[in-house]
Amino acid sequence: MTETMIARHGLDRSRVYVTGLSAGGAMTMAMLVTRPDLFAGGAVIGGLAYGTATGVSQALDRMRGHGDTSDTALVDMVRSGARGHDGRWPTLAIWHGGADATVSVANADTIARQWRGVHGVDAKAMRTERVGTAVHRIWSDAEGRDVVEDWTVPGMGHGTPIDPLRGERLGVAGPFMLDVGLSSTAVIAKSWGLLAAARGGNCGQAGLGRTRRQDRHSRLAETCGKAPHRSPPPVSRRRSRTPSALPG
């Protein structure tokens with residue numbers, strides 16, 4: 001699907017990113033691991049480290065913060081999933097609520113350990129800053145490139161942090177869209193160099209080779225000063241028989 005979008009819309013292959021919340025966060029990790037050649041970076045919100053759960057019961061244990069995996073085993077899981085990849089690895093931003101009762105915040109640290117190992121960066125070579133109440137930790141590689149970021153938002157539950165009233169004014173508070181005065185969407189887009197590009201005058205380009213109409217279903221369109229129109233999703237009456245490893 002991603003390859004088709006790149007080809008159909010003439011997108012810049014060096015600026016393809018993926019992000020997701022909860023089960024989507026776990027899928028984000030899977031996509032980064034299995035196609036590290038395709039994605040420049042990713043952001044996982046309230047998710048799990050790659051390979052740490054192979055079924056529903058194990059996923060539920062990991063969500064509660066139970067079980068542990070060595071740093072070596074975590075990296076081996078990624079390298080096995082990447083099937084011999086020997087190029088540059090995608091960067092990763094990790095976001096988690098400090099009061100997440102659905103997916104324990106301990107999983108954020110596990111993801112950080114896994115991805116630091118993949119990039120070969122020292123856990124102690126860390127910079128820390130505070131943005132409001134949020135704690136932001138950053139690890140850089142030997143080239144000085146920020147490759148792993150960890151954002152912990154104290155008091156936040158399970159969901160995507162948004163800031164609908166200040167700053168970028170993105171999102172509307174609701175289930176799993178949590179108004180904490182900080183927009184992960186804006187921060188992530190800025191770190192990927194997409195937010196500034198969208199403000200550069202031509203929102204249709206936004207560094208992505210898309211038109212505003214093509215971008216109407218993207219959160220990034222909101223940085224153009226007008227929230228994109230979203231048609232309500234179709235209602236399906238068919239029940240899935242396949243259980244999800246993560247809610248959301």
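Start at the second largest pocket, which has a volume of about 250 Å³. Pocket here means an open set of points on a 1 Å grid over the protein atoms alone, where a 1.4 Å probe fits, with protein on both sides within 12 Å along at least five of seven lines. Its volume is the space filled by probe spheres set on the points, with grid points joined across faces, edges and corners. Keep in mind that this is a predicted model: local features need pLDDT of at least 70 and side-chain atom pairs pLDDT 80 or more, while totals for chains, interfaces and linings use all residues. Residues are numbered from 1 along each chain as its sequence is written, and side-chain values use heavy atoms, with hydrogens and water left out.

Now select A40, T91, D146, S191 and W192: of the 14 lining residues, these lie nearest the pocket centre. Lining residues have an atom within 4 Å of a point. Colour β6 (146-153) next, as four lining residues, the largest share, come from there. β3 (91-97) also supplies at least two. Helices (H or I, at least four residues) and strands (E, at least two) are DSSP runs, numbered from the N terminus. Colour the lining by type and you get seven nonpolar, three polar and four charged residues; Ala, Val, Leu, Ile, Met, Phe, Trp, Tyr, Cys and Pro count as nonpolar, Asp, Glu, Lys and Arg as charged, and the others, Gly among them, as polar.

V18 sits in strand β1 (residues 17-21) and is buried at 11% relative accessibility; buried means under 20% relative accessible area with a 1.4 Å probe, protein chains only.

Next, the aromatics: there are three aromatic pairs. Ring centres must lie within 6.5 Å (the six-membered ring for Trp); planes under 30 degrees apart count as stacked, over 60 as edge-to-face and the rest as tilted. Select W89 and W115, an edge-to-face pair at 6.4 Å centre to centre and 80° between the planes. W89 is in the loop between α4 (71-81) and β3 and W115 in helix α5 (residues 106-119), so they tie together parts 26 residues apart in sequence.

Then go to W95 and W151, stacked at 4.6 Å with 0° between the planes. W95 belongs to strand β3 and W151 to strand β6, so this pair links parts 56 residues apart in sequence. W95 is buried at 1% relative accessible area, and W151 is buried at 4%.

Note on methods: Buried means under 20% relative accessible area, exposed over 50%, partly exposed in between (1.4 Å probe, protein chains only).
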